[in-house]
Number of protein chains: 2
Amino acid sequence: GRGVALTAAGARLLATARAVLSQAEALADAATEEASSLTGRFAIGCFSTLAPFLLPGIMDHFQRSHPGLGLDIAEASAPDLDDMLLQGRIDVALLYSVDVSRQLVFDPVHAYRPYVLLGAGHPLAKGRSVRLADLAAEPLVLLDVHPARRNTEQIFATLGVTPRIGHVTTNFELARCLVGRRLGYSVLFQRPAPTLTYDGQSVVTMEIEERLPPTVFGLARPAGAFPSARHVALLNHLRTTAGP
Amino acid sequence: GRGVALTAAGARLLATARAVLSQAEALADAATEEASSLTGRFAIGCFSTLAPFLLPGIMDHFQRSHPGLGLDIAEASAPDLDDMLLQGRIDVALLYSVDVSRQLVFDPVHAYRPYVLLGAGHPLAKGRSVRLADLAAEPLVLLDVHPARRNTEQIFATLGVTPRIGHVTTNFELARCLVGRRLGYSVLFQRPAPTLTYDGQSVVTMEIEERLPPTVFGLARPAGAFPSARHVALLNHLRTTAGP
């Protein structure tokens, strides 16, 4: 048949292409080995307010179960975590679903149900649940932390209830302490184990009787990246331990 | 005798001076009444990490004892509180003594003794006290909050002990949770009431056997201002309730 001869320039191009392909294959092999092994470094970002509830358990679990894998931990705001993921500075981020940019893949882990925190001795603190509408006349201690504030405002808007804002703070524990002193009630999402506040007052967690949407947190990773073995290990750990 | 006649310009100047003096006297009268009464507004600034321990008790006390006095509460960093005091945007600030600028007057309230936080079950958590030198080989959970970090570093320098830094965080409760998971020990100054962490682990407060300087907090106010009745009321409340 009719052969096709390469020009000298074409031959040089082909050689370069072969070299590039060969290097790409080596890189892919290394990445696959890295992804399937539980050794090396694993960089985990965590939204600040979730950190006390999630990071210590993760660090404890990986230290026991995967001692060959070193964790690099970063606490940051949601926009910063999105950027860090897209720039490859972290492998995965623990985020609320509302904060995950469209360039990322999100695996949900747990849904937080909002609850009302009351000071012990509050007349409505006797049962297990409370209607938000029954608290409308009392001062609300509003946690001004993203996304808690927006979620809380949406809850009241959905119910057609206008809360009376008593105190606004960015400090989660200060909100608990103000409630413990009977200076108001609060609507919160994360559930600390202690029923005592830092300053020694008792608080009571009350379920909300009205139907409300939950707030979902989970793992975000760059789109297109195949989930690595360490990513799956983290997801499994979180799904078996997260709650309530 | 020889009379001295004012020029027309001099007469106008004297009239203006009298008017200014009269207004200044009225202002001083109003200020005195304001300062000696426990009505109106009282603007209190508080260093962020002190807020949960101090503000709810203050708000509760003033609401009960001085219901005619409305409190305006601001949480801020130490440099911001200094500025707010000098600009008259707050009347008083709750600060650590190390953070008070020389243009302010400082009344000490309480000295925090540093302590070691250990996870329950730690071999050294059996007694009531511990030597920092005995923990030097274990990972330190370093609270990277001003002035805690600097104080902690000074403590180790004073003792000639080089700590092994395990984890650095700006989040006080995360430090407690990491200790609760037995991922290290921490040196802290403020003493929350709960012995449980947010994520449900037990921690133990241990006194430090080595002699260490305390960290003093108190009330700062602009120099030259006479302490008002509300300032004295706040100082008395804090001095009778602050601790341990």
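The report below treats these topics in turn.

## Basis of the model

This is a predicted model, in which local features need pLDDT of at least 70 and side-chain atom pairs count only at pLDDT 80 or more, whereas totals for chains, interfaces and linings use all residues. Residues are numbered from 1 along each chain as its sequence is written, chains are lettered from A and ligands numbered from 1 in the order in which they are written, and side-chain values use heavy atoms, with hydrogens and water left out.

With its neighbours within four places in sequence left aside, B:Leu132 is in contact (heavy atoms within 4.5 Å) with residues including B:Val116, B:Ile155, B:Phe156, B:Tyr185 and B:Glu210.

## Interface of chains A and B

In chain A, 32 residues are in contact with 32 residues of chain B. The two chains bury about 2,600 Å² between them, 67% of it on carbon and sulfur atoms; buried area is the accessible area (1.4 Å probe) that two parts lose on being put together, summed over both.

Across the interface of chain A and chain B, the rule finds zero salt bridges, a salt bridge being a side-chain nitrogen of Lys or Arg within 4 Å of a carboxyl oxygen of Asp or Glu.

## Salt bridges

Over all chains, the whole structure has 20 salt bridges. One joins the side chains of A:Arg176 and A:Glu173, at 3.3 Å from N to O. Both residues lie in helix α5 of chain A, three residues apart, about one turn of the helix; helices (H or I, at least four residues) and strands (E, at least two) are DSSP runs, numbered from the N terminus. A:Arg176 and A:Glu173 are both buried, where buried means under 20% relative accessible area, exposed over 50% and partly exposed in between (1.4 Å probe, protein chains only).

In chain B, B:Arg221 forms a salt bridge with B:Asp107, with the closest N and O atoms 3.6 Å apart. This pair links distant parts of the chain, strand β11 (residues 215-222) and strand β4 (residues 104-112), the two residues being 114 residues apart. B:Arg221 is buried at 12% relative accessible area, and B:Asp107 is buried at 17%. A salt bridge also joins B:Arg131 and B:Asp134 (3.6 Å, N to O); B:Arg131 is partly exposed at 38%, as is B:Asp134 at 45%.
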